[in-house]
Amino acid sequence: MYYFGSLSTLGIQAFLTLKEATNITNLQPWVAMYNRLIDKAYNQNDLLSKNRLEISHNKLSKFTKYFDTEYQQKIEDLFNEEKAINYRILSTKDFML
């Protein structure tokens, strides 16, 4: 089962809470869509927003472990720069894998 939401502190905390509070053992981030989200946001630099809440390195690692090293680094850089990416920047066309 896949989870997809904003790439922000609240989005990651929602994923971790859902994973830890339910019996859905196969829940994981929808990596392909997060990769598209990251690529689109960085290609159109104005789509990055301010991330107002901090997240622990441990929680961030629990989320990023599903990604390859390139995207792990992009996500860590995003949070180090206190930036976030709202899932709403994606259009219907972006979901057509």
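This is a predicted model: local features need pLDDT of at least 70, side-chain atom pairs count only at pLDDT 80 or more; totals for chains, interfaces and linings use all residues.
Residues are numbered from 1 along each chain as its sequence is written, and side-chain values use heavy atoms, leaving out hydrogens and water. Local features need pLDDT of at least 70 and side-chain atom pairs count only at pLDDT 80 or more, while totals for chains, interfaces and linings use all residues.

**Exercise 1. Is T64 buried or exposed, and which residues does it contact?**

Solution. 
- Step 1: T64 belongs to helix α3 (residues 57-64).
- Step 2: its relative accessible area is 3%, so T64 is buried.
- Step 3: beyond neighbours within four places in sequence, T64 is in contact with Q72, I75 and E76.

**Exercise 2. How many salt bridges are there, and which residues form a network?**

Solution. 
- Step 1: apply the rule. A salt bridge is a side-chain nitrogen of Lys or Arg within 4 Å of a carboxyl oxygen of Asp or Glu. The count comes to four.
- Step 2: take K74 and D39. Their side chains meet in a salt bridge at 3.7 Å, N to O. K74 lies in helix α4 (residues 69-80) and D39 in helix α2 (residues 31-43), so the pair ties together parts that are 35 residues apart in sequence.
- Step 3: take K74 and E70. This salt bridge is 3.4 Å, N to O. Both residues lie in helix α4, four residues apart, about one turn of the helix.
- Step 4: join the pairs. D39, E70 and K74 are linked in a network of salt bridges.
- Step 5: K74 is partly exposed at 25%. D39 is partly exposed at 27%. E70 is partly exposed at 46%.

**Exercise 3. Describe the salt bridge between E82 and K50.**

Solution. 
- Step 1: the side chains meet at 2.8 Å, N to O.
- Step 2: the pair links distant parts of the chain, 32 residues apart. E82 is in the loop between α4 and β4 (83-84), and K50 is in strand β3 (residues 49-50).
- Step 3: E82 has 39% relative accessibility and counts as partly exposed. K50, at 44%, also counts as partly exposed.

**Exercise 4. Which residues touch the most other members of the largest nonpolar core?**

Solution. 
- Step 1: define the set. A nonpolar core is a set of buried Ala, Val, Leu, Ile, Met, Phe, Trp, Tyr and Cys residues joined through side-chain atoms within 4.5 Å.
- Step 2: of the 23 residues in the largest core, L7, I12, F63, I75, F79 and I85 touch the most other members.
- Step 3: find the sources. Two or more residues come from each of α1, α2, α3 and α4. The largest share, five residues, comes from α2.
- Step 4: look at I85. Not counting residues up to four places away in sequence, I85 touches S6, L7, L37, I38, A41, L48, S49 and L78.

Key: Buried means under 20% relative accessible area, exposed over 50%, partly exposed in between (1.4 Å probe, protein chains only). Contact means heavy atoms within 4.5 Å.
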